[in-house]
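User: I'm new to this one. Could you show me how to read a helix pair and a domain interface?

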Amino acid sequence: MNVQKVMVIGAGQMGQGIAQVMAQAGRDTYLNDISEEIAAKGMRAIQKILEKDVVKGKITEDRKEEILGRLKPSAKLSDAADCDLVVEAIVENIETKGRVFRTLDEVCRTGCILATNTSSLPITEIAAFTKRPEKVIGMHFMNPVPVMKLVEIIRGLATSDETYELVRSESLNLGKVPVEVRDVPGFISNRVLQVMINEAIYCLYEGVASVEDIDQVMKLGMNHPMGPLQLADFIGLDTVLAIMETLYEGYGDCKYRPCPLLRQYVKAGWYGKKSGRGFYNYR
Ligand code: CAA
Ligand code: NAD
């Protein structure tokens, strides 16, 4: 099967990036969200990135128009009826994802593959919301999607070899490097990364150093492009907390206990860059 029509669900930072790389690779792509306004906002953000690429001389004006021409906003999951591949990138919450997968299973044609960009949730559990678990798979892109090379691919218990091969070859078509990882909480990426981020938040909580100094140590000392607190803000603190909860519950090990300061920030609505306030102030 060739992938020609795609729906990306969730027009937030990940959905925007995934839709952009899909359209760049020649796929007709719906960018879906809960309302037309949010989907349109996602489209405008992609347009802005592409306009910057034109100014930088990375792409031509014609190429920009060609890519934008392949993107369509959507506020109805039923638009996925004739899609070959759906990539879900909505909030990191199993009940919300479950509702979307149940609906997708009803509206999508039998052959359509249902992929999730979840950061940490069990693919097997997401697949069980459908009657086609062999067609459900984890396709985990990294943020910012147009820049980062990795796609973690995670099979659920019932994912077929055919589904895996198609998603692997589609990742290569997008210019990405796929790596297969088993269906364990947080996969590899977030099992390793989020523990570091959570530990950095504990350092702040305990008054070991300031936000800036914690980040400086990891940037200058370990050559990380962003410090862990800046990276947490970039990912979204709601997402970081959701991932830590999945790790804590999934492994039952106290080394994954989310820092109380992280919980407090999320309760305050300080989600990081996307809400204007996190460990840093973006307003
Ligand atoms: N969309 C598209 N392109 C973007 C972008 C975005 N959102 N953000 C940056 N870029 C591009 C810029 O246009 C620029 O391109 P050119 O070199 O062609 O001009 C390039 O990326 C570098 O950007 P900048 O010069 O503005 O800034 P930088 O050198 O500091 O790089 C960065 C920015 C790539 C984000 C870098 O800071 C970085 O690598 N940070 C760490 C990112 C990371 O760790 N991501 C993984 C997060 S965890 C995850 O994704 C998994 C999960 O489940 C939570
Ligand atoms: P985000 O908060 O930027 O965007 C989420 C979007 O999903 C919002 O626009 C919201 O309106 C939309 N949404 C919520 N419920 C929906 C529904 N029922 N139908 C359609 N749209 C719905 O989040 P994000 O950072 O883009 O993360 C999305 C997913 O990608 C999460 O599962 C997250 O764990 C994963 N992920 C995030 C990162 C990251 O660095 N932020 C990296 C890799 C994977």
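This is a predicted model: local features need pLDDT of at least 70, side-chain atom pairs count only at pLDDT 80 or more; totals for chains, interfaces and linings use all residues.

User: How do I describe two packed helices?

Analyst: In general, two packed helices are described by the angle between their axes and the distance between those axes. Here, take helix α2 (residues 36–55) and helix α3 (residues 61–69): their axes come within 9 Å and cross at roughly 160°. Angles over 145 degrees count as roughly antiparallel, so α2 and α3 are roughly antiparallel to each other. Their crossing is right-handed.

User: Which residues in α2 and α3 meet?

Analyst: From α2 come Gln-47, Leu-50, Glu-51 and Val-54, and they meet Glu-61, Lys-64, Ile-67 and Leu-68 in α3. Sorted by class, this contact has four nonpolar, one polar and three charged residues.

User: Now the domains, please. What does the domain assignment give?

Analyst: The assignment gives domain 1 (5–181) and domain 2 (189–273). The C-alpha centres of these domains lie 26 Å apart.

User: And how is the size of an interface given?

Analyst: Often as the accessible area lost when the parts come together. In this model, domain 1 and domain 2 bury about 740 Å² between them, with 54% of it on carbon and sulfur atoms. On the domain 1 side, Glu-92, Ser-119 and Ser-120 lose the most area to domain 2, together 46% of what that side buries.

User: How many residues are in contact there?

Analyst: 10 residues of domain 1 are in contact with nine residues of domain 2.

Technical notes:
Residues are numbered from 1 along each chain as its sequence is written. Chains are lettered from A and ligands numbered from 1 in the order in which they are written. Side-chain values use heavy atoms; hydrogens and water are left out. Axes are lines fitted to C-alpha atoms, for helices over the stretch in contact, and angles run from 0 to 180 degrees between N-to-C directions. Helices (H or I, at least four residues) and strands (E, at least two) are DSSP runs, numbered from the N terminus. Angles under 35 degrees count as roughly parallel, over 145 as roughly antiparallel, 65 to 115 as roughly perpendicular and the rest as oblique. A crossing is left-handed if the near helix is turned anticlockwise from the far one by less than a right angle, and right-handed if clockwise. Contact means heavy atoms within 4.5 Å. Ala, Val, Leu, Ile, Met, Phe, Trp, Tyr, Cys and Pro count as nonpolar, Asp, Glu, Lys and Arg as charged, and the others, Gly among them, as polar. Domain bounds come from an automatic or database domain assignment. Buried area is the accessible area (1.4 Å probe) that two parts lose on being put together, summed over both.
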